[in-house]
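Have a look at the model first.

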Amino acid sequence: MNDLNDIVVIGCGGHSRFVISMALDNKFSIKGLLDTKKDFDESETIMGYKVIGSLDLANDLYQKGSKYAVIAVGDNILRENIYQKLIDIGFNIPNIVHSSAYVDNSSSLGEANVIGPNAVIGSKVKIGNNNIINTGAIIEHQSELGNGNHLSLSAVLCGNVSISNNVFIGANSTIIENISISDDVVIGAGTTIIHNIEKKGALMVGNKARLIEK
């Protein structure tokens, strides 16, 4: 039987380094890594931890006693697909919150969220499942974040902002108060959003933001 603090890391890209350090900060022991690709490198180690198989091994690991997993994949769609697969198997996918992050007691979190160093989650914030809130990101009062979103480094939601699902918000972007953003929107690094984005899948760049037709 595995130790209750063992956790399996899903993903072997650059984001896995960030997630491994986060899991260690949360006192988990790394069971090993599963690559999202079938043709993984059997000799690969990441930060001293072995890549033990592909995602196809997840069910077998669960049956043998591994109950915890964390997803180390930045791409929103791929991460959401992996999340659903792991939930179907039965894995517990806990929130991984860095010890230096601030999460207000009045806020609420779903599961499978990764909240990085020095991130700030303000009062009455509601966060769904399977989101990445990266280093230094700020989600201020009464904002709501759906599922499968990625807030990159130092992104700021200024308050009462509503983000739907599978939205990517680039580094150092700012979304002013009382803004709503639809599903699958991509916001480029350094972009300032001052109007609602109702078009699903829109690509927004610039300061002030302009729509790039897809």
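Let's start with asparagine 134, which sits in the loop between strand E12 (132–133) and strand E13 (138–139). Bear in mind that this is a predicted model: local features need pLDDT of at least 70, side-chain atom pairs count only at pLDDT 80 or more, and totals for chains, interfaces and linings use all residues. Residues are numbered from 1 along each chain as its sequence is written, and side-chain values use heavy atoms, with hydrogens and water left out.

**The loop residue**
- Asparagine 134 counts as buried because its relative accessibility is 9% (buried is under 20% relative accessible area, exposed over 50%, partly exposed in between, with a 1.4 Å probe and protein chains only).
- Leaving aside residues up to four places away in sequence, asparagine 134 touches Phe18, Gly116, Ala119, His150, Leu151, Ser152 and Leu153 (contact means heavy atoms within 4.5 Å).

**The sheet**
- An open, mixed sheet is built from 5 strands in the order E3-E4-E2-E1-E5 (strands are DSSP runs of E, at least two residues, and helices are runs of H or I, at least four, numbered from the N terminus; two strands pair if DSSP finds at least two bridges between them).
- E3 and strand E5 (69–71) are the edges, each with a single partner strand, so one side of each has no neighbour in the sheet.

**Strand pairing**
- Strand E2 (residues 29–35) runs parallel to strand E4 (residues 49–54) over 3 bridges, and aspartate 35 has serine 54 in E4 as its bridge partner.
- Strand E3 (residues 45–46) pairs with E4 in the antiparallel sense over 2 bridges.
- Their hairpin has 2 residues between the strands, and methionine 47 there takes a positive phi near 55°.
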